[in-house]
Amino acid sequence: MNAFWTYFWPAFAAGIVCGVIAGAVGFRLKIIRRQGEETTFVRPPARNRRSALLAGIAASIALAALWHGPFGAADRFSAEVERNARRTLDDFEMVQIKAHLHHGPLSRHLLLSGPADDFQTSELARITGAIPGVSRAQWTPEPAGPPLILEGAAVSLIGFLIGLLLAYLVELRRRHNAQWNW
């Protein structure tokens, strides 16, 4: 299991789609051609562009939140990471050690508990910290880092910016091709 593909990729893709749509609406210029004159471009009002971009950002974050909660991606992610941690501990015959992700809010921080000596605690934290999807593993419940939903929203916003860039490049090509009057 790879955290990017199972949890973050759909939020990233939703951000790209929202960015392309918002950019296509926000960057669109009206092209006017008159007989015997050059092509002119008319820019829409700035508030239309701003509202299209803000609506795209809101849609991107909303889709990431829907993916996290109601569509169950966070639960599947948590179950898969904890199952992999259990398998890793069983492979090292550490059946008394328990591993679970920090909840409330869910993060990628793995908490370990159970009887172990100093060497085992440091090595198990290192080994379980390398499990895909785990950002950090430790024995004490310290601050867990950013919640998984915020990481998903950030990835979705990165996708939104990439989609916005793609929409801008398409609009530049459209403007460039509009000058040719074959």
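Q: Among contacts in the protein between residues at least 6 apart in sequence, what percentage join residues at least 24 apart?
A: A contact means heavy atoms within 4.5 Å. Of the contacts in the protein between residues at least 6 apart in sequence, 67% join residues at least 24 apart. This is a predicted model, in which local features need pLDDT of at least 70 and side-chain atom pairs count only at pLDDT 80 or more, while totals for chains, interfaces and linings use all residues. Residues are numbered from 1 along each chain as its sequence is written, and side-chain values use heavy atoms, with hydrogens and water left out.

Q: What percentage of the residues is buried?
A: Buried means under 20% relative accessible area, exposed over 50%, and partly exposed in between (1.4 Å probe, protein chains only). Of the 182 residues in the protein, 37% are buried.

Q: Which residues of helix H4 are buried, and what do they pack against?
A: Leu-124, Ala-125 and Thr-128 are the buried residues in H4. Because they cover an arc of only 105° around the axis (taken from the directions from the helix axis to the C-beta atoms), they lie on the same side of H4. They pack against helix H3 (73-91), strand E4 (109-113) and strand E5 (136-138). The face of H4 turned away from this buried side carries the exposed residues Asp-118, Phe-119 and Arg-126.

Q: Which helix gives the most to the nonpolar patch?
A: Helix H5 (residues 148-178) gives the most, with seven residues. The patch of about 650 Å² is made by Val-20, Ile-158, Ile-162, Leu-165, Leu-166, Tyr-168, Leu-169 and Leu-172. Val-20 lies in helix H1 (residues 3-26) and is partly exposed, with a relative accessible area of 32%.

Q: Where is Ala-62 found?
A: Ala-62 is in helix H2 (residues 46-68), and its 39% relative accessibility makes it partly exposed. Ala-62 and Gly-15 are 47 residues apart in sequence and 9.9 Å apart in space, C-alpha to C-alpha.

How values were computed:
Patch = residues over 30% accessible without salt bridge, like charges linked within 9 Å, V, L, I, M, F, W, Y side chains within 5 Å. Areas by Shrake-Rupley, 256 points an atom, 1.4 Å probe, with all protein chains shown as cover. Salt bridge = Lys/Arg side-chain N within 4 Å of Asp/Glu carboxyl O. Helix = DSSP H or I, 4+ residues; strand = E, 2+ residues; numbered from the N terminus.
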